[in-house]
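Here is a short briefing on one protein chain. Keep the structure open while reading.

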Amino acid sequence: MNFRIKEICKEKGVLFKDLAASLGITDVGLRQSLKGNPTIGTLERIACALGVPITDLFAPPAVTSARCPYCGKPIALTLSKEGDAK
């Protein structure tokens, strides 16, 4: 599972080690937790500390191609900064 936690920290100007400290753990402990399978409780605490809904922590699936529904040919997609496929 890919998370947007580092990206959200950067957007909000929060250092990863400061986020970990606000959760009462070390930054190494937070990284280890996110590499494995973090509990929903951990994710809720992270979302609360960052002031975002828990759904914002999850990265959308990377969609880089699709198939034309008429001819079946592959279509390359690029994502803009807003995350909208073009």
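Just after helix 1, G13 adopts a positive phi of about 70°. This is a predicted model. The protein chain has 86 residues, and 23% of them count as buried.

**Overall fold**
- The protein chain holds four helices and two strands.
- Read from the N terminus, its elements follow the order α-α-α-α-β-β.
- Take the contacts between residues at least 6 apart in sequence: 38% of them join residues at least 24 apart.

**Helix 1**
- Helix 1 spans residues 5-12.
- Its buried residues are I5, I8 and C9.
- These three cover an arc of only 105° around the axis, so they sit on the same side of helix 1.
- The face turned away from that buried side carries exposed residues: K6, K10 and E11.
- What do the buried residues of helix 1 pack against? Their partners are helix 2 (16-23), helix 3 and helix 4.
- G13, with its positive phi, follows directly after this helix.

**The largest pocket**
- The largest pocket contains about 170 Å³ of space.
- Its lining is made up of M1, F3, R4, I5, K6, F16, R31, L34 and K35.
- By class, the lining residues split into five nonpolar and four charged, with no polar ones.
- Helix 1 and helix 3 (27-35) each supply at least two residues of this lining.
- Which helix gives the most to the lining? Helix 3 does, with three residues.

**T42 in helix 4**
- T42 lies in helix 4, which covers residues 40-50.
- Is T42 buried or exposed? Its relative accessible area is 19%, and buried means under 20%, so T42 counts as buried.
- The T42 side chain makes a polar contact with the side chain of T39, at 3.0 Å.
- Helix 4, where T42 lies, is also among the elements that the buried residues of helix 1 pack against.

Definitions and conventions
Residues are numbered from 1 along each chain as its sequence is written. This is a predicted model: local features need pLDDT of at least 70, side-chain atom pairs count only at pLDDT 80 or more; totals for chains, interfaces and linings use all residues. Side-chain values use heavy atoms; hydrogens and water are left out. On a 1 Å grid over the protein atoms alone, a cavity is a set of points where a 1.4 Å probe fits but cannot get out, and a pocket is an open set with protein on both sides within 12 Å along at least five of seven lines; lining residues have an atom within 4 Å of a point. Grid points are joined across faces, edges and corners, and a volume is the space filled by probe spheres set on the points. Ala, Val, Leu, Ile, Met, Phe, Trp, Tyr, Cys and Pro count as nonpolar, Asp, Glu, Lys and Arg as charged, and the others, Gly among them, as polar. Buried means under 20% relative accessible area, exposed over 50%, partly exposed in between (1.4 Å probe, protein chains only). A polar contact is a pair of N or O atoms within 3.5 Å; within protein, one must be able to donate a hydrogen and the other to accept it, and residues adjacent in sequence count only if both atoms are side-chain atoms. The arc is that of the directions from the helix axis to the C-beta atoms. Contact means heavy atoms within 4.5 Å.
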